[in-house]
Amino acid sequence: MPGPFTVWTYDWVPQGPRGHVRDIRLRWALEEAGLPYAVRSVRFEDRTGPDHLAIQPFAQVPALQDGEITLFESGACLLHLADLSEALMPRDPQARAETLQWVIAGLNSVEMVSVPWWFIGLSKPPENPLEGWLNARLDRLSAVLATRDHLAADRFTVADLLMADILRVPKLRVLLGPYPALEAYTARMLDRPAFRKARQDQLDHFAAADAARAEAARAEG
Ligand SMILES: N[C@@H](CCC(=O)N[C@@H](CS)C(=O)NCC(=O)O)C(=O)O
């Protein structure tokens, strides 16, 4: 019997990443699967402490606890949940293989380019040297999604959840203008009630931390 499930995240992050911290992938998947879960936080300032490093050796979030099992890496956590819920991944061998393939493609062919592209963009270079590489990936992904509504198995899977979360990063989403199939796909996925709940819950989680911190500062005088 799987569970109980706990999603680990930070207690607080600055405004910028709120709504985009990768615990949202786990929240979204658990919501899609209808699996109840708790959220636990590591204090942002304690992320390099031994307790958190024992769970996430890169001092990042998220991590997932499923009963006695603890694992990190959002992709690994998603695949773990997908093994537990047909809502996330069909059991038919071909459909399952397609789902696994597109989860890894999201992580290793798209996010592997989009995150460094985004990071280089932070320093506002006149030209981002990774833009051509990223556009080549978007070109190909767009060609796939111009012919179908989902990446794998002719239905929503955890691969769509992951890919939409990769594509919705605001700076990247702006680039989707010339790719109507990609923009429509992303918008469709983000319209899912499970995503909207996961996002709102994450925003509420960090807002509660603001309130708690303000209260602690007041108490300290
Ligand atoms: N490959 C990791 C990346 C995790 C990641 O980048 N987490 C961010 C939050 S979304 C984080 O913890 N950033 C703080 C840091 O890297 O120090 C995964 O997918 O779980």
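I started with Glu111, which forms a salt bridge with Arg22, and their closest N and O atoms are 2.9 Å apart. My cut-off for a salt bridge was a side-chain nitrogen of Lys or Arg within 4 Å of a carboxyl oxygen of Asp or Glu. Glu111 lies in helix H4 (residues 93-121) and Arg22 in the loop between strand E1 (5-10) and helix H1 (23-33), so this pair ties together parts that are 89 residues apart in sequence. Helices (H or I, at least four residues) and strands (E, at least two) are DSSP runs, numbered from the N terminus. By this rule I get a count of 18 salt bridges.

A note to myself: this is a predicted model, in which local features need pLDDT of at least 70 and side-chain atom pairs count only at pLDDT 80 or more, while totals for chains, interfaces and linings use all residues. Residues are numbered from 1 along each chain as its sequence is written, and side-chain values use heavy atoms, with hydrogens and water left out.

Next I asked which residues surround the ligand. I found Tyr10, Val21, Arg22, Gln60, Val61, Pro62, Glu73 and Ser74, taking a residue as near if one of its heavy atoms lies within 4 Å. This shell divides into 4 nonpolar, 2 polar and 2 charged residues; Ala, Val, Leu, Ile, Met, Phe, Trp, Tyr, Cys and Pro count as nonpolar, Asp, Glu, Lys and Arg as charged, and the others, Gly among them, as polar.

Then I looked up polar contacts (pairs of N or O atoms within 3.5 Å). Gln60 has a polar side-chain atom 2.7 Å from a ligand oxygen. For Glu73, a polar side-chain atom lies 2.7 Å from a ligand nitrogen. In the side chain of Ser74, an N or O atom is 2.6 Å from an oxygen of the ligand.

Last, I checked the backbone. Glu73 is not a glycine, yet has a positive phi of about 75 degrees; I found Glu73 in the loop between strand E4 (69-72) and helix H3 (74-84). The peptide bond from Val61 to Pro62 is cis, with omega near 10 degrees. Another cis bond joins Gly3 and Pro4, with omega about 0 degrees.

Methods: A polar contact is a pair of N or O atoms within 3.5 Å; within protein, one must be able to donate a hydrogen and the other to accept it, and residues adjacent in sequence count only if both atoms are side-chain atoms.
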